[in-house]
Amino acid sequence: MCGRYAASANPAELVEVFEVEADRTAEPSAAVVKNPQTPPPGQPDWNMAPSKQAPVVLTRAPKDDPDHAVRQLRLLSWGLVPPWAKDISVGNRMINARSETLFEKRTFAGPAKRRRCLGPADGWYEWQASPVATTAAGKPRKQPFFMSRLDGAQLAFAGIYEFHKPTGAQDSADWVVSFAILTTAAEPGLDRLHDRQPVVLDPADWEAWLDPTATDESDVLDVLEAQPEGRFQAWPVSPAVSRVATNGPELTQPIPADQLVGVLDPATGEIIGG
């Protein structure tokens, strides 16, 4: 699964990388988080957590020009809130959607056909449960890892987005616009960290994924299944990332081997720090 990631690029950088036509990050939408988001939405965030508003790329036609779809950069709440939800907190349970069963669940099938997006990121975090080391409570020690592209390029998570109109909403600024990140079975090596990983789309597939007119299930699944293995690297990072309030580029930096206890090397399968 993907439950935490780093997104440090500013809107201007994302506009260039993703060839965005309209930067709409300044346009308001209702937030799911109850307290002010830290860092503020749209600012570099090395500890992006569910319910936060995150930068998302999507292609959509504006109401005043329905025949001209525009690639946009927007801030959406992470955790899909469906239109029928009675409580927007349901989004906390829908931060991910399994790509293999995407069209088997009504909550995800509609957005998968018409409302697909990309989630820009530096990389994502995963917590490895040690096969040999335990805590004082007898539970497996968990070591956070950071995954990024081997080529150092921006990641683009495959995502879907949705609109929710809360009771009493007066205009579109009161609507909750949210998204979920698609996941798939973890590839060899990364499966030593977790059995799932986010679907990361290569640039050659961005246009097809964002095309709102491509509504056949086969079009969607073909893009998801075309992603190759072997594009990522992983290294252990500080446990500080486990606290959502902690932030900064140091969270993505590798920690030395002498700080590890019972960690399974994702590349070799060897135990580090007995």
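S51 has a relative accessible area of 14%, so S51 counts as buried (buried means under 20% relative accessible area, exposed over 50%, and partly exposed in between, with a 1.4 Å probe and protein chains only). Before going on, keep in mind that this is a predicted model, where local features need pLDDT of at least 70, side-chain atom pairs count only at pLDDT 80 or more, and totals for chains, interfaces and linings use all residues. Residues are numbered from 1 along each chain as its sequence is written, and side-chain values use heavy atoms, with hydrogens and water left out.

Back to S51: it sits in the loop between β3 and β4 (53-60). Helices (H or I, at least four residues) and strands (E, at least two) are DSSP runs, numbered from the N terminus. S51 is not a glycine, yet its phi is positive, near 85°. E19 is another non-glycine with a positive phi, about 50°, and you'll find E19 in the loop between α1 (11-17) and β2. With 60% relative accessibility, E19 counts as exposed.

One more backbone detail: the peptide bond from T38 to P39 is cis, with omega near -10°. P39 belongs to the loop between β2 (22-23) and β3 (45-48). Why point these out? Most residues other than glycine have a negative phi, and most peptide bonds are trans.

Now for the inside. Helix α2 (residues 106-114) has T107, F108, A109, P111 and A112 as its buried residues. What do they pack against? Their partners are β6 (96-98), β7 (116-121), β10 (155-164) and α4 (217-225), where contact means heavy atoms within 4.5 Å.

S148, in strand β9 (residues 140-149), is buried too, because its relative accessibility is 8%. Leaving aside residues up to four places away in sequence, S148 touches D122, G123, L155, R231, F232, Q233 and W235.

Finally, the outside. D216, E217, D219, D222 and E225 gather in a surface patch of negative charge. Patches like this take residues with over 30% relative accessible area and no salt bridge, and join like charges within 9 Å; a salt bridge is a side-chain nitrogen of Lys or Arg within 4 Å of a carboxyl oxygen of Asp or Glu. E225 lies in helix α4, and its relative accessible area of 61% is why E225 counts as exposed.

Methods
Patch = residues over 30% accessible without salt bridge, like charges linked within 9 Å, V, L, I, M, F, W, Y side chains within 5 Å. Areas by Shrake-Rupley, 256 points an atom, 1.4 Å probe, with all protein chains shown as cover. Lys, Arg positive; Asp, Glu negative; His and termini not counted. Charge placed at Lys NZ, Arg CZ, Asp CG, Glu CD.
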